Amino acid sequence: MSLVIENLSKKYTKEKFGLQNYSITIEKGILGLLGPNGAGKSTLMKIIATISQPTSGSLTLDGHDLVKEPNYIRKVLGYLPQDFGVYPNLNAYEFLEYIAAMKGVGGPSLKARIEMLLEGVNLIEVAKRPIGTYSGGMKQRIGIAQALLNDPKVLIFDEPTVGLDPEERVRFRNLISDLAHDCIIILSSHIVSDIETIADEVAIMKGGLLITKGSQHDVIKKVEGKVFETLIDNSLLDEFKRTNHVVNTIRQKDKTRVRYISDQPVAESTSYQASLEDAYLFLTKATA
Amino acid sequence: MKHLITIIKGDYLQRTRSYAFLVTLAITLYMAYTFVPPVDANYTTVRIGNYVGDYNSAWIGHVTAMMTSVFLTLIGFFLINNSVKKDVETEVGMIIATTRVSNFNYLMSKVLSNFFVLLSIVGIVLFMSILVFFLRSKDFPFEITQFILPYVVVTLPSMFFVSCVAVVAEVFLGRRSVIQYILFFALFNIVMANVQMKQGTEMLTYFDPFGVKVVTLQMEDFVNAHYREEVSVASMGFVFSDEKMISRCLFLKAFIGLSFLL
């Protein structure tokens with residue numbers, strides 16, 4: 001299974017682009033989309049989910065043009081939008097049955113599948129309560145369950161971990177990891193740690209452009225040997241920030257511990273192992 | 001087909017469990033109680049010239065069915081005219097857009113769930129009208145068919161009509177709810193004006209989506225034939241008056257048959 005995107009553009013107005021000449025090939029496994037707000041992550045996901053149409057470019061799944069044949073992906077698609085809403089007066093069973101019917105999923109095994117998914121997202125005990133009484137995190141988990149109803153081969157999660165507590169985050173990551181063996185999973189977030197722990201590949205976006213795509217190792221390699229930490233006086237911090245790519249600061253009494261990326265480290269700096277977050281912050285700032 | 005039923009069921013449950021539904025139901029029930037005024041009340045709801053019917057099953061069945069048709073069309077529209085908009089607002093529509101359900105099936109499910117929401121209210125009002133019969137009528141036998149027939153022939157088609165109009169309005173006018181309400185209110189008034197015009201002076205004789213004109217015309221013919229009158233106008237709605245010149249007449253059977261539906 002291969003999703004090929006070539007020169008995809010989405011133009012909102014004459015000068016405002018959601019995506020610009022975006023090309024990427026997505027194979028089985030988990031692709032993490034990283035980018036600041038407005039990077040075009042949701043736009044890309046909506047186009048792949050066939051909700052939105054591109055202004056130009058092509059989008060194919062196993063050779064099938066998804067603009068002309070949207071149903072080809074729809075039958076194998078699970079999608080969780082960024083601001084997922086619910087029918088508050090239905091309980092979890094009723095809501096999932098409703099969405100299953102929309103997806104054309106039914107039959108005697110549906111009830112068992114719904115129960116399995118509710119177990120998976122840890123909602124089985126409250127499944128008979130109206131969804132309107134759920135917390136934000138619980139609603140998000142219902143959203144995850146509905147995306148998995150039709151045993152999808154392409155899964156799109158737009159900011160799926162928003163509102164989830166740390167324990168739920170781990171549960172979600174485990175669930176996704178189990179599914180990743182035989183389907184394409186596209187996961188967007190601006191929380192690097194969410195992507196870092198589960199994504200096989202990472203695509204970093206900014207301003208509708210693809211900055212880089214590759215395995216985490218390949219992306220991190222771009223800043224390898226360039227990550228340093230040093231202690232500087234608080235009074236010099238602003239000046240330091242102006243002249244270096246600072247990725248993190250920790251205040252310590254009169255001094256500040258600064259983590260930065262540079263080809264030429266300042267004196268008394270210590271070299272550190274680069275992380276995906278370093279690479280992400282460096283790459284998105286470098287293209288500013 | 002099974003999927004369509006599940007979709008309609010989900011939509012129906014979501015909406016009938018809302019406060020808006022309960023408020024509409026409560027208002028409609030109260031209004032239904034007033035559709036058949038006490039004999040000494042200073043208002044009428046359906047009047048044929050200067051005649052109102054004796055409180056037998058046929059009269060109460062027809063009056064409550066016609067009044068429900070008109071009244072519930074008006075307030076029912078405001079209850080159901082948000083089914084597509086809600087899907088857009090909650091972004092449930094975003095998920096639906098990624099499924100293989102066709103636009104036609106989606107809109108059909110909305111029309112049918114609208115219809116069943118209104119049908120639920122109509123069912124309860126029908127029950128209420130039977131209670132009112134036992135409360136107001138003393139000298140006439142209870143005949144269930146005289147209640148069911150006018151509801152099936154007059155009220156249900158008008159509920160289906162308004163269910164379709166609500167979805168069409170949402171499709172063509174999107175989230176511009178105020179414009180939809182104004183246009184529907186204008187349409188409602190045009191229809192009501194047409195219904196209440198004298199025989200032969202109507203703008204459009206067959207423009208009667210509430211199904212009440214056909215009934216009032218037959219009531220007028222009945223009064224003219226049996227009481228040697230020349231009545232050519234019927235009034236519908238809450239008409240208050242102190243005059244005690246209203247005559248009673250005896251309508252014995254349903255004015256309409258199922259063939260009317262065709």
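**View 1. Where chain B meets chain A in this predicted model**. Let's start at the interface, where 24 residues of chain B are in contact with 31 residues of chain A. Between them, the two chains bury about 2,500 Å², and carbon and sulfur atoms account for 63% of that area. On the chain B side, the residues to look for are B:Ile95, B:Thr98 and B:Arg100, which lose the most area to chain A and together make up 27% of what that side buries.

**View 2. Polar and charged links between the chains**. How many salt bridges are there between chain B and chain A? The count is 2, while 7 residue pairs are in polar contact, both partners being at pLDDT 80 or more. Four helices of chain B each supply at least two residues to the side that touches chain A: helix 1 (2-16), helix 4 (83-90), helix 5 (92-97) and helix 6 (103-136). Of these, helix 1 gives the most, with 8 residues. Sorted by class, the residues on this side of chain B are 9 nonpolar, 8 polar and 7 charged.

**View 3. A closer look at A:Glu97 and B:Lys9**. Side chains of opposite charge can pair when their charged atoms come close. Here A:Glu97 forms a salt bridge with B:Lys9, and their closest N and O atoms are 3.9 Å apart. That distance falls inside the 4 Å cut-off, so the pair counts as a salt bridge. Over all chains, the structure holds 17 salt bridges.

**View 4. The largest pocket and its lining**. Now on to the largest pocket, which has a volume of about 420 Å³. Which residues lie nearest its centre? They are B:Gly93, B:Ile96, B:Ala97, B:Asn103 and B:Tyr106, out of a lining of 18 residues. Helix 4, helix 5, helix 6 and helix 7 (144-173) of chain B each give two or more residues to this lining. Helix 5 of chain B gives the most, with 4 residues. By class, you will find 9 nonpolar, 4 polar and 5 charged residues around the largest pocket.

Terms used. Residues are numbered from 1 along each chain as its sequence is written. Chains are lettered from A and ligands numbered from 1 in the order in which they are written. This is a predicted model: local features need pLDDT of at least 70, side-chain atom pairs count only at pLDDT 80 or more; totals for chains, interfaces and linings use all residues. Side-chain values use heavy atoms; hydrogens and water are left out. Contact means heavy atoms within 4.5 Å. Buried area is the accessible area (1.4 Å probe) that two parts lose on being put together, summed over both. A salt bridge is a side-chain nitrogen of Lys or Arg within 4 Å of a carboxyl oxygen of Asp or Glu. A polar contact is a pair of N or O atoms within 3.5 Å; within protein, one must be able to donate a hydrogen and the other to accept it, and residues adjacent in sequence count only if both atoms are side-chain atoms. Ala, Val, Leu, Ile, Met, Phe, Trp, Tyr, Cys and Pro count as nonpolar, Asp, Glu, Lys and Arg as charged, and the others, Gly among them, as polar. On a 1 Å grid over the protein atoms alone, a cavity is a set of points where a 1.4 Å probe fits but cannot get out, and a pocket is an open set with protein on both sides within 12 Å along at least five of seven lines; lining residues have an atom within 4 Å of a point. Grid points are joined across faces, edges and corners, and a volume is the space filled by probe spheres set on the points.
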